[in-house]
Amino acid sequence: MSGAAAALRDTATRLDAADPLRHTRDLYLPSPGLVAYLDGNSLGRPLRATAERIADLVAGAWGTRLIRSWDEQWMDLPLRLGDRIGEVCLGAAPGQTVVGDSTTVMLYKLLRAAVAAAGPERPEIVLDTENFPTDRYVAEGIAAETGAELVWLEPDPAKGVTPDLVAGALTGRTGVVLLSHVAYKSAWIADLPEITRLAHDAGALVLWDLCHSVGVVPSDLDTHAVDLAVGCTYKFLGGGPGAPAFGYVAARHQERLRQPIQGWMGHADPFVMGPGYEPGAGMRGFISGTPPVLGMVGIEDTVDLIESVGLDAVRDKAARLGRFVIESVDGLLGDHGVRVVSPLDDELRGGHVTLAHPRFREVYPVLWDRDVVPDFREPDGIRLGLSPLSTSYGEVAEALVMVDEVLRAG
């Protein structure tokens, strides 16, 4: 073991001992044989409480109460759970957040509604080339469907969208601005308050994608007068694979925005099942079909945990874990030519750090074979997802040491 590796492990041991959130790691199910899991920004680890809750649902509400559970607890679950996410993670008052559908479907519904509300006089959607593919693909589809025009921003891939870049694209024809709060590659935190203000000054609506920020970076949607937002629940909210997304619509827009996927569950009176559609009041009108109850039950456990420790504490640890990675690269991986392609400033970086090297496409599967699990992002990046509630400094140190060993071994 090299001196740099030993020093890194010693530092990690000290940081773990002093970590005010160290107790939360024991709340997660163990993964026998796993050295380091650093992909929680793609799929979060399950809490022990979540495993118990899912088993209880199968044996109880589903297995025992059966169809009665719809009346007893499930019909309002999308709204009740949405309010919990809004309260704890989004800075959103009740009645503005709903859970249901995939991220893609929820994004389509809100973007399509925003384009319609903007009208033909404002046909432009401002978006960026570095956004997650789903966001770009959905916008392209809506443009083809409606005749909307896409205005592409081209940010620095190692950074992200800035207010100046957005300001240069805003015109009297801008209807909607679609951006991610935290960039999925670089972890760049966009200036949500200032970009929202600029869009409003130009007469446009803003739709924020919170997939890589919810549960780890505060967004304070109400405070900053955000119009619309979507986000997934299987990353930092621990809902599990395929857990449904949430949608946020500011109360001031709910009467004039009409979502395009009209299903029975969003009707003002779902069980009348009449001949015509009448949207439900408030966020009920943004629901489409039957909610995926099994995919929703695990979300609340992580939301409860975030509330118990405080979102600011989660954010602080995310920044500290990222700082640990960045400071470790020079001492351990600098000789290999490994580069940090995430913001170095803690205030500008979300819950992951991306490292780049020409050989990382080859290194990545070797790490998985050795039970070190980050993910790979084109063209040459290994992304280290730093989930503050489940990730230790020791795990991060072991992952970085393994990267060093694989590069040295060729």
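Predicted model: local features only at pLDDT ≥ 70, side-chain atom pairs only at ≥ 80, totals over all residues.
**Cavities**

I looked up the second largest cavity, and it holds about 100 Å³ of space. I found 14 residues lining it, with Tyr28, Lys235, Phe236, Ser387 and Leu389 nearest its centre. By class, I noted 6 nonpolar, 6 polar and 2 charged residues in that lining.

Then I went to the largest cavity, which has a volume of about 140 Å³. Its lining is made of 18 residues, and Asp128, Glu130, Gly160, Val161 and Ala183 lie nearest the centre. I sorted this lining into 8 nonpolar, 5 polar and 5 charged residues.

**Salt bridges**

How many salt bridges does the structure hold? I got 31.

I picked out Glu395 and Arg45, whose closest N and O atoms are 3.7 Å apart. This pair links distant parts of the chain: Glu395 sits in helix H13, Arg45 in the loop between strand S1 and helix H2, and they are 350 residues apart. Are these two buried or exposed? Both Glu395 and Arg45 are buried.

Next I checked Arg84 and Glu300, which form a salt bridge with the closest N and O atoms 4.0 Å apart. Here helix H4 supplies Arg84 and helix H10 supplies Glu300, 216 residues apart. Why does Arg84 count as buried? Its relative accessibility is 14%, and buried means under 20%. Glu300 is buried too, because its relative accessible area is 12%.

Key
Residues numbered from 1 in each chain as written. Heavy atoms only, no water. 1 Å grid on protein atoms, 1.4 Å probe; cavity = no way out; pocket = protein on both sides within 12 Å on 5 of 7 lines; lining within 4 Å. Points joined across faces, edges and corners; volume = space filled by probe spheres on them. Nonpolar A, V, L, I, M, F, W, Y, C, P; charged D, E, K, R; others polar. Salt bridge = Lys/Arg side-chain N within 4 Å of Asp/Glu carboxyl O. Helix = DSSP H or I, 4+ residues; strand = E, 2+ residues; numbered from the N terminus. Buried < 20%, exposed > 50% of the residue type's maximum accessible area, 1.4 Å probe, protein only.
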